[in-house]
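Where does the ligand sit, and what surrounds it?

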Amino acid sequence: MEVIVTPTPESAASAAAQAVLSGLPAGAGPVLGLATGSSPLGLYAELAAAAAAGRVDFSAAKGFALDEYVGLPAGHVQSYREVLIREVCEVIGLPMAGLNVPDGSGATQAELEAGAAAYDAAIAAAGGVDVQILGIGANGHVGFNEPGSSLSSRTRLKRLTARTRLDNARFFEHDGDVPTHCITQGLGTVLEARRLVLIATGAAKAAAVAAAVEGPLTASCPGSILQWHADAVVVLDEAAASGLANREYYDDAARGLALAP
Ligand code: GLP
């Protein structure tokens with residue numbers, strides 16, 4: 001795992017974009033794993049700038065969302081499909097036809113579970129995710145994999161924690177409007193992406209980041225799965241890095257592997 005600490009949220013966005021771009025295969029048609037939330041917004045802006053400068057082309061790219069709420073009407077502004085259209089497709093130029101989001105519209109548990117299984121199959125059919133962009137919740141969640149999620153879980157129906165519903169209430173008119181359930185890529189699904197790039201900024205994420213990066217690999221902190229992945233990059237600003245014990249080494253390691261001191 002590579003841990004990159006930069007001074008500000010802006011410099012973190014730029015470093016994270018670099019980690020994403022260097023993980024994409026040459027040529028058209030990269031497959032991106034997409035996170036919602038405020039954390040990756042600067043990163044998406046940096047990807048847009050790279051596309052505008054001709055350094056990357058997302059016009060034949062595919063995107064796979066991490067998660068979706070269950071039960072929001074089609075076209076609801078807070079459904080993750082609509083959020084990703086606004087915050088990713090229209091920003092970086094990823095075609096809407098290439099955007100895949102778990103189907104949270106099923107009326108029954110069986111329908112929702114069938115949709116979740118189909119989603120994993122669609123990721124596999126696309127050849128897997130090249131780079132999965134991740135944020136982290138204040139409770140350590142990744143996607144909507146709340147603490148206690150199986151480390152080998154697949155895309156599936158889940159109930160949201162009270163904490164996450166409260167955190168996300170700011171996007172809805174009334175607290176009670178936040179859906180109670182979601183479909184989320186499983187931690188096992190996320191781990192199959194060829195590279196993981198997690199971005200976290202701000203002091204509110206410091207404890208979750210410390211647990212994910214330096215705590216035990218445990219279902220109690222879903223973000224700790226990054227420790228199990230062979231190509232994981234964690235990009236932080238100073239505030240989000242403030243709980244890390246091994247900071248000196250991360251800064252040292254960031255100087256690269258050239259053998260000269
Ligand atoms: C949301 C999403 C996650 C996201 C997290 C953090 O609920 N399901 O994918 O990483 O919470 O959000 P933010 O970046 O806004 O803090």
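In sorting residues by class, Ala, Val, Leu, Ile, Met, Phe, Trp, Tyr, Cys and Pro are taken as nonpolar, Asp, Glu, Lys and Arg as charged, and the others, Gly among them, as polar. With these classes in hand, the shell around the ligand in this predicted model can be described as four nonpolar, eight polar and three charged residues. The ligand is surrounded by 15 residues, and the closest of them are Ser 38, Ser 39, Asp 67, Asn 168 and Lys 205.

Several side chains in this region come within polar reach of the ligand's oxygen atoms, and they can be taken one at a time. From the side chain of Lys 205, an N or O atom lies 2.6 Å from an oxygen atom of the ligand, while for the side chain of Asn 168 the corresponding distance between an N or O atom and a ligand oxygen is 3.1 Å. Arg 170 also takes part, with a polar side-chain atom 3.5 Å from an oxygen atom of the ligand. Taken on its own, the ligand has 390 Å² of accessible area, and the protein covers 92% of that area.

The site that holds the ligand is the largest pocket, whose volume is about 630 Å³. This pocket is lined by 31 residues, of which Thr 36, Gly 37, Ser 38, Asn 168 and Arg 170 are the closest to its centre. The lining draws on several elements of secondary structure, with β4 (67-69), α3 (80-92) and α5 (162-167) each supplying at least two residues, and α3 gives the most, with four residues. By class, the lining of the largest pocket consists of 13 nonpolar, 12 polar and six charged residues.

A search of the whole structure finds one cavity of 30 Å³ or more, and the largest cavity has a volume of about 40 Å³. Its lining is made up of Ile 136, Leu 198, Val 209, Ala 212, Val 213, Gly 223, Leu 226 and Val 234, and helix α7, which spans residues 206-214, gives the most to this lining, with three residues. By class, the lining of the largest cavity has seven nonpolar residues, one polar residue and no charged residues, whereas the lining of the largest pocket includes six charged residues.

Methods. Residues are numbered from 1 along each chain as its sequence is written. This is a predicted model: local features need pLDDT of at least 70, side-chain atom pairs count only at pLDDT 80 or more; totals for chains, interfaces and linings use all residues. Side-chain values use heavy atoms; hydrogens and water are left out. A residue is near a molecule or strand if one of its heavy atoms lies within 4 Å of it. A polar contact is a pair of N or O atoms within 3.5 Å; within protein, one must be able to donate a hydrogen and the other to accept it, and residues adjacent in sequence count only if both atoms are side-chain atoms. Accessible areas come from the Shrake-Rupley method with a 1.4 Å probe; for residues, only the protein chains shown count as cover. On a 1 Å grid over the protein atoms alone, a cavity is a set of points where a 1.4 Å probe fits but cannot get out, and a pocket is an open set with protein on both sides within 12 Å along at least five of seven lines; lining residues have an atom within 4 Å of a point. A molecule sits in a cavity or pocket if more than half of its atoms lie within 2 Å of its grid points. Grid points are joined across faces, edges and corners, and a volume is the space filled by probe spheres set on the points.
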